[in-house]
Amino acid sequence: MAASSTPHERTGTGPVGDRPVASDALANLRVLDLTRVRAGPTCCRVLADFGADVIKIEAPAGADPNDGMNGPRDGYDMQNLHRNKRSLSLNLKTPEGKAILGRLVRTADVVVENYRPDVKHRLGMDYETLRAINPRIVLASISGFGQTGPYRDHGGFDQIAQGMGGLMWLTGLPGQGPVRAGVAIADISSGLYAVVGILIALAERGDSGEGQWVQTSLLQSQIALLDFQAARFLVDGVVPEQAGNDHPTSTPMGLYRTADGFINIGASGEDLWRRLCRAIGQPALAERPEFRSEPDRLANRPRLNAELGAILAARPSREWLDAFIAHGVPAGPVNRMDEVFADPQVEHLGMAVPVQHPRRGAIRLVGQPVVLSRTPAGIAAPTPEAGAHTDDILGGLGYTPQEVADFRSRRVI
């Protein structure tokens, strides 16, 4: 899938020169990361974790007023977002910086950016300009609201997209008012949808030989994540309301208090409902007319939850979870973050990946949730220092040490 001019074919994982390589899966791809904040870096992190040569292009120190939006360089957010990447310091507001970028585009497979549409054209990062340099290039653009339309030039942040995209009126307790999700769900999902688009474009490029422009936005991604809740409105005209910790259309499926905490139970459908009743020692509950069928239970959910709550409050969570597992009823604990990563299944899945940092020592970062049998993702290196790979990258493009020193003296890099 790599561009014909890209001189980085390889086999085996590990560093290549000063390049960290976490996996063989995408090791022949070069990706230019011109993103910031969360959505774009999330996209590029996935590609880097699967071995792509991701070059994070950053403005020289003091040249970007938005620098630091993800906290300190050694902080948790920067380390988690930008591991496995290389860093190139480049001032794209200078003619020389744009010329260097153009030379880099000739060697690349993918460019990822999240500039406003007008900024993209001003910097020469629009698709037609890049395509003229390298017809095989795939440009992935992530915006707040889309590349066209009345909101195209509006700045977008995750919580704004959560509100505009309908999520905040689905989240929270009934009557509570809008509630944001506890993570940047619009940012993260748009980054992941961008990865899907990039991989599709690269697969198609194998047949056509041409790249294309991949576009997504926080608003589109947030709406797509509404899934069946959005379909309820589009197909049946139902405007979903807040359901709190209950499933919006099925019961008993939700959060229940026990003697020492909380558990989640998923017992939709008739078979699981009867299993649940046997697990709690109340088989006759399944035959009561008001609870006999799913529509009956949904219509009488407050009453059902009250009865289940009284029973479940009598015993600790672990006892109930063991009983549900024994009866084949889906159920699980409600973990705080420390409990998440202490869970034996989470430990088995390897979702906390160790990496050595030059100043912080041994740290752990969040692993990829997709497992490949031959070419799994990995974390080969922490987030680099800003501009740490500038000399090596420019040397690989054919610039001499004297030219690099001149660029540095004039703050091009």
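Hi everyone, let me start with a question: are Trp273 and Phe291 buried or exposed? Both Trp273 and Phe291 are buried, where buried means under 20% relative accessible area, exposed over 50% and partly exposed in between, with a 1.4 Å probe and protein chains only.

A quick word on the model. It is predicted, so local features need pLDDT of at least 70 and side-chain atom pairs count only at pLDDT 80 or more, while totals for chains, interfaces and linings use all residues. Residues are numbered from 1 along each chain as its sequence is written, and side-chain values use heavy atoms, leaving out hydrogens and water.

Now the rings. Searching the whole structure gives 5 aromatic pairs. Rings of Phe, Tyr and Trp (its six-membered ring) pair if their centres lie within 6.5 Å; planes under 30 degrees apart are stacked, over 60 edge-to-face, and the rest tilted.

One of the pairs is Tyr127 with Trp213, which is stacked, at 6.5 Å centre to centre and 15 degrees between the planes. Tyr127 sits in helix α5 and Trp213 in strand β6, 86 residues apart. Helices (H or I, at least four residues) and strands (E, at least two) are DSSP runs, numbered from the N terminus. Tyr127 counts as buried because its relative accessibility is 10%, whereas Trp213, at 30%, counts as partly exposed.

Back to Trp273 and Phe291: this pair is edge-to-face, with 6.4 Å between centres and 75 degrees between planes. Trp273 belongs to helix α10, and Phe291 to the loop between α10 and α11.

Finally, Arg103 lies over the face of Tyr399, 4.0 Å from the ring centre; the criterion is NZ of Lys or CZ of Arg within 6 Å of the ring centre and within 35 degrees of the ring normal. Thanks, everyone!
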